Amino acid sequence: MPLTEGKMTDTPSKKTAMLNHIAQTLSISTHPDDMEREDMERSKDGQSAPVPFKILAGRSNPPLAREIADVLGIPLMAATVDRFNDGEINIQLGESVRNVHVFVVQSTCMPVNDNLFELFLLIRCLRRASAKSITAVMPYYGYARQDRKMTARVPISASDVAIMLESAGVDRVLAVDLHCGQIQGFFHSAPVDNLSALRDMAPFIVREIVPSYKEDPICIVSPDAGGVARAKMFLDCLVSNMKVANIGLAITVKHRSGPGEIEGMNIVGDVDGKHCIIVDDMIDTAGTLCAAASELLKMGARSVSACATHGLFNGPAYERIEKSVLTHVVVSDTTPLRAGAPSKIRVVSCAELIAEAIYCINHGQSVSGLFKVSSESPVPGRDVIKKE
């Protein structure tokens with residue numbers, strides 16, 4: 001038979017024979033019964049068969065990436081991620097990722113733009129290297145506070161970051177305590193799992209801080225109206241799951257004169273004679289936090305502590321916290337601490353939380369159990385990870 005424009009005109013029988021020969025060479029069964037049996041094995045116990053996966057660490061938070069890999073019992077993927085002499089990012093994968101599910105651990109914290117573009121290039125590099133799927137593990141999602149237009153002629157940067165990552169080829173995003181939940185909707189095709197670090201931070205506070213309050217009443221304080229849901233979830237956790245009694249809720253209403261600048265503040269709720277715990281998603285320069293703590297003491301609070309997932313601690317944050325009336329400041333390790341942190345700051349790791357999410361995603365298990373906050377392990381996968 002002649003060739004027409006470079007296409008073979010084989011008969012169907014020849015094509016079938018060719019496919020069978022390839023399948024035999026690769027030891028793949030093409031019989032329908034065998035294929036059905038394999039599908040049943042994959043769906044056994046309601047789980048998908050796990051595919052090979054690897055953890056690739058960016059340069060934003062290597063200690064967290066190493067801890068995640070340790071919990072999962074696998075080494076970090078070999079890769080070169082550094083800079084050329086002119087400052088350009090140099091990336092080279094040290095091993096094959098073909099048909100592998102890769103989890104890229106990269107917080108887009110300071111320096112924000114460098115870490116964000118590094119994540120972009122890592123995703124592009126993995127896509128060109130034929131990775132089966134790419135999950136961006138973003139413990140801290142930079143630009144999250146720019147989630148809407150507050151004034152004219154400004155970008156919605158949180159949405160633009162999502163567009164950027166999807167255009168790079170990311171298949172899934174795993175984040176921890178996004179500044180606002182609607183950021184999940186900025187991703188049009190990639191599903192987003194927004195984990196809560198309170199699952200591990202709440203038991204730490206109950207174990208390490210609450211006993212010092214003895215029988216005195218406690219008040220959970222939201223730093224603004226937007227954080228009420230987070231504060232209430234923390235309160236419900238302490239009351240329902242950890243049996244903490246005599247606890248209430250309050251809200252601070254801030255009057256800002258500019259970004260990070262507080263002109264005045266009011267408190268909604270009763271804090272007199274109570275130990276207050278301010279619950280927020282992040283601490284930036286700590287100006288608002290320290291001002292709120294001082295105001296709470298003026299209104300009769302016995303003591304003030306703070307709990308926030310992301311400890312950015314930019315600018316004079318350390319100095320302000322050291323001089324403040326705050327007793328304890330509990331943060332997660334979604335971003336690395338700068339040197340010289342005051343002794344008031346306590347760090348609770350979120351590595352186990354993220355490792356469990358990675359395990360569940362790779363094994364086709366639901367991650368809904370990771371959103372429960374209790375004193376006991378809510379996810380069977382935790383024990384499985386340790387055994388494996």
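Reader: Which residue has its charged end over the ring of Tyr-318?

Author: This is a predicted model, in which local features need pLDDT of at least 70 and side-chain atom pairs count only at pLDDT 80 or more, while totals for chains, interfaces and linings use all residues. Residues are numbered from 1 along each chain as its sequence is written, and side-chain values use heavy atoms, with hydrogens and water left out. A charge sits over a ring if NZ of Lys or CZ of Arg is within 6 Å of the ring centre and within 35 degrees of the ring normal. Over the ring of Tyr-318, at 4.3 Å from its centre, sits the charged end of Arg-338.

Reader: How are the planes of Phe-53 and Phe-103 arranged, and which strands hold the two residues?

Author: Rings of Phe, Tyr and Trp (its six-membered ring) pair if their centres lie within 6.5 Å, and planes under 30 degrees apart count as stacked, over 60 as edge-to-face and the rest as tilted; by this rule there are four aromatic pairs. Phe-53 and Phe-103 are 6.0 Å apart centre to centre with 90° between the planes, an edge-to-face pair. Strands being DSSP runs of E with at least two residues, numbered from the N terminus, the pair ties together parts 50 residues apart in sequence, because Phe-53 lies in strand β1 and Phe-103 in strand β4.

Reader: How far apart are the end C-alpha atoms of helix α8?

Author: Helices are DSSP runs of H or I with at least four residues, and the expected span is 1.5 Å times one less than the number of residues. The 12 residues of α8 (residues 287–298) should therefore span 16 Å, and this agrees with the separation of the end C-alpha atoms, 17 Å.

Reader: What is the volume of the largest cavity?

Author: A cavity is a set of points, on a 1 Å grid over the protein atoms alone, where a 1.4 Å probe fits but cannot get out, and lining residues have an atom within 4 Å of a point. Residues lining the largest cavity include Tyr-140, Asp-177 and His-310. Its volume, the space filled by probe spheres set on grid points joined across faces, edges and corners, is about 30 Å³.

Definitions and conventions: 1 Å grid on protein atoms, 1.4 Å probe; cavity = no way out; pocket = protein on both sides within 12 Å on 5 of 7 lines; lining within 4 Å.
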